[in-house]
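Let's walk through this structure together, one step at a time. Please open the view below and keep it beside you as you read.

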Amino acid sequence: FRLPDPRALGCRPDGEGSWAIGVFYGATPFHLRPIELEGKSSANGSAWPVANPVLTCASATDAGYPSNFVADPFLYLQGDTLFLFFETKTTTSMHGDIGVARSFDQGATWEFLGIALDEAWHLSYPFVFKYENEIYMMPEGNKKKELRLYRATKFPLEWTFEKVLINKPLIDASLVQYEGNWWLFASDFTRYGTEKNAELEIWYSNSPLGPWKEHRQNPIYKSDKSLGARNGGRLFMFEESLYRPGQDCSGTYGRKVKLYKVEKLSKEEYKEVPVKLGIEEPKKGRNAWNGMRYHHLDAQQLESGSWIAVMDGDRVPSGDSTRRSISGYLGFLLAVVLVTFVGFVKGAINCYIPPSFWAATARRNELSRILPVYRLNQKVRRYSTSLGRYVTATKARLNEKTWSNKLFFCVIALLGTVNICIAVHFLLGGNGTEEAYTHQGQRSQFTMVTMTYEARLWNLKLFVEHYSRCESVREIVVVWNKGNPPGSDAFDSTVPVRIRVEELNSLNNRFRVDPLIKTRAVLELDDDIMMTCSDVEKGFKVWREHPERMVGFYPRMIDGDPPQYRNERYARGKKGYNLILTGAAFMDSEFAFKRYWSEEAREGRDYVHKNFNCEDLLMNFMYANASSGTGRRTVEYVHPAWAIDTSKLSSVAISRDTQKHYDVRTKCLAKFSSIYGPLPQKWEFGRRQDGWDK
């Protein structure tokens, strides 16, 4: 798992979570899709497409405002420019400030502008609105025990305190103008027990500046955290109906957003009914940026008539870092206890308490004999003597060389090992997620392509179940070369699985141009290779840094005259490589596939089809040939923590006869070199500062 950088100023483990912010689009507020499904791209960040989250703690930290998380987003639309106000938990004060970011491309890229509002107390939920040509902000600041209003003096970064709206510690306050009145929805933070995060109050006024009066039914809710009583964002109008987002806080704070349609709102009555939110539930658990909870939504209509929404999300539940620390230290403590026990039984550790330790220090007389301390000492001496005899007898029995004793100590050793593993997992395992990496402040997605046939279906099912949980995987394309194809519903997958049935059984099909692929990045991965999602995400990050290269996990060094195909051990001995196997490699689908199926590659493709081998070698020659004479690097290696070849567990491996396989590939090298010229000389291992290529 990724570990937090101890030198980092921000993005540190925080008991409140690791909140981030994503953008969604739709024709209506009930048909919202994440930005990655809208095809918005950013060449600056090699993001084809841009993926959620679009704003994280790193966005603030990299801009010089160290933060542990960002949450509670509110949009302010100003023509084609979007301003985003949100809570950012600064690492200097460890409380929330109000940050602001700006986007000129409908939310694909964001510029962090700075801190809009900073007080001596915690601030969050920055509800921003316009009234009579002035822009106001109504943030939560319950520590001040009042609901305060601020006015922009120089939008968006300069604000001045305007007035106190209500003298009460209200949280998550939202305003809406409806049927001639202004309505304020909020929750009382002084509630406790079952009412905490389960209470809702309504206030009304002729103006957002007040004065405010309480609703007759207050509190509207006060007992069930799962009802969504606490506000979860801005109320909005759609087709002349009013909708209120609320937080389901059952199980953990901010578990998910619930949406309610307001059926009756007057000074005397209030009624709402739940409706479907319309945003697909995340399926990747902790490996998704909002996989464990999402608690805030701000949906607004653009001038075009379509809708845009911002939502926050977290990959861990509330208090996760604290629970992980407690679990880790408890595992370590239990391991120490077990080691101490074994040492004590085996005589490596001795504990002797002399009887005089429990004797009364006072002179023995008739008075001392009736004192409680003396009687307690006498009881302790008797019990300690009995315990000593029992311990001595137990040690003697456990030191007997019997099979039962050997089994007992094996169980103790196993329990100790398990507890050490638990301690390492929770103390050194980060937040337990295999998180994607950002590049130039942005995330993206890739498509996985694997080639298989009927006899390897069991391999494929393991493959799909595992890799579909990786955060950056958008789709898995299965190139079906032979036999009856399965249905896409045959797999346990969190992403779409598309079966592409080929008419001809050929290895060239691996690189066939596929217009249905929606990402530039493609990971070609054999269906019998299993590695961690963390390693896959590393490879994707390296490819995004250099999308003109082929980035993979299996290096080879091709040299000699004629060139010889050898294994990775040879490349290690030569301290370098010049070829990457495409059985596990990232590439630019637009460049690589078109290049492979160009007229120039026809002779090589025919040779691959004839020998049913060497398609990966041909792709390397295509990359090298395209950059011939430029001196540009064409391949890059990423070292995986571990990789398992599951084909070794079955009889369907394509290349079980290693020497024969290498002989065929050596002939391929000679053929391709004669057609396309030689491969580059060598690139050394260990050139990256992060050490991923060692």
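A disulfide is a pair of cysteine sulfur atoms within 2.5 Å. What you see is a predicted model, where local features need pLDDT of at least 70 and side-chain atom pairs count only at pLDDT 80 or more, while totals for chains, interfaces and linings use all residues. Residues are numbered from 1 along each chain as its sequence is written, and side-chain values use heavy atoms, with hydrogens and water left out.

A search of the whole structure finds three disulfides. Counting bonded cysteines along the chain, they follow the pattern 1-2, 3-4, 5-6.

Begin with C11 and C57, whose sulfur atoms are 2.1 Å apart. The torsion about their S-S bond is about 120°, so this disulfide is right-handed. The pair links distant parts of the chain, 46 residues apart: C11 is in the segment before β1 (20-26) and C57 is in helix α1 (residues 57-62). Helices (H or I, at least four residues) and strands (E, at least two) are DSSP runs, numbered from the N terminus. C11 has a relative accessible area of 30% and is partly exposed, whereas C57, at 13%, is buried. Here buried means under 20% relative accessible area, exposed over 50%, and partly exposed in between (1.4 Å probe, protein chains only).

Next come C470 and C533, which form a disulfide with sulfur atoms 2.1 Å apart. With -80° about the S-S bond, this link is left-handed. C470 sits in the loop between α6 (457-467) and β24 (473-480), and C533 in helix α7 (residues 533-545), 63 residues apart. Both C470 and C533 are buried.

The remaining pair is C614 and C668, with sulfur atoms 2.0 Å apart and a right-handed link of 80° about the S-S bond. C614 is in the loop between α10 and α11, and C668 is in helix α12, 54 residues away.

That brings us to α12. At 1.5 Å a residue, the 19 residues of this helix (658-676) should span 27 Å, and its end C-alpha atoms are 26 Å apart, which agrees; the expected span is 1.5 Å times one less than the number of residues. Which residues of α12 are buried? They are H661, Y662, R665, T666, C668, L669, F672 and Y676. They cover an arc of only 165° around the axis, which puts them on the same side of α12; the arc is that of the directions from the helix axis to the C-beta atoms. The face turned away carries the exposed residues Q659, K660, K667 and S674. The buried residues pack against α10 (602-611) and α11 (615-626), where contact means heavy atoms within 4.5 Å.

Finally, UniProt, in an unreviewed entry, places the feature "transmembrane region" at residues 326-345 and 407-428. UniProt positions are given in the numbering used here, feature names are shortened, and annotations may be inferred rather than shown by experiment. In the model, residues 326-345 are 100% helix and 0% strand, with end C-alpha atoms 28 Å apart. Residues 407-428 are also 100% helix and 0% strand, with end C-alpha atoms 31 Å apart.
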